[in-house]
Amino acid sequence: LPGTPGGLWGALTAVSPQDWEQRQEEDTLLIERILLLVRNVLHVPPDPTEEQQGVDGDASVHDRVLWALHISGMDDLLKFLASAQVEQQWALHVLEIISLMFRDQSPEELAALGQGTAGAEHGEDTRQLESLRQRELAEKRTRAVQRTSRHSRFGGSYVLQGVKSIGDRDVVFHKGLHNLKSYTHDLGKEPRRLPRRRQPAP
């Protein structure tokens, strides 16, 4: 554009962050023309003959245009226009430009590209951990089969600290730990039977 130092991107950079109340009508028209120009450049369909002549893995024309936009800082300006509350009038233009940026990409490719080598390494680590877990489970099953079926009646003895027995010593508990909640001093004693004639009337 004539009279705009720094070219097209310089003009948009100088105009865009201005307060919308101070912006002149020429500035608004300039922003709209630049956004339409970017939209039209990205809208050009790829040339199949040129794409076939390129080497595998070589960047296409569309990718080179996107890289030029990134180098010039245009993607940052698009993010600013899309997120600023006072710049909602450009929302449809920005949305159309972003959709054209991702025109040749599939969601699966973009997701795999974001993961990169870290995703592959994570998958390999997950497979190794799963194989180790399966091996450990197999060894545990083998040990359970080899173990004798005889059950030990000895459940262990435990000292209940803070619970005194007949002397000044702590109580020694010979039952399993699952019986500990129902422990009383009368545990294991025969209940004193009251003769029927002395029982209270029902």
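Biologist: Read along the sequence, what pattern does the chain follow?

Modeller: The pattern is α-α-α-α-α-α-α-β-β, with seven helices and two strands. Helices (H or I, at least four residues) and strands (E, at least two) are DSSP runs, numbered from the N terminus. This is a predicted model, in which local features need pLDDT of at least 70, side-chain atom pairs count only at pLDDT 80 or more, and totals for chains, interfaces and linings use all residues. Residues are numbered from 1 along each chain as its sequence is written, and side-chain values use heavy atoms, with hydrogens and water left out.

Biologist: How many bridges join strand E1 to strand E2?

Modeller: Two strands pair if DSSP finds at least two bridges between them. Here E1 (residues 158-164) and E2 (residues 170-173) run antiparallel and are joined by four bridges. Leucine 160 has valine 171 in E2 as its bridge partner. A hairpin of five residues leads from E1 to E2.

Biologist: What percentage of the chain's residues count as buried?

Modeller: Buried means under 20% relative accessible area (1.4 Å probe, protein chains only). Of the 202 residues, 17% count as buried.

Biologist: Among contacts between residues at least 6 apart in sequence, what share joins residues at least 24 apart?

Modeller: A contact means heavy atoms within 4.5 Å. In this chain the share is 47%.

Definitions and conventions:
Buried < 20%, exposed > 50% of the residue type's maximum accessible area, 1.4 Å probe, protein only.
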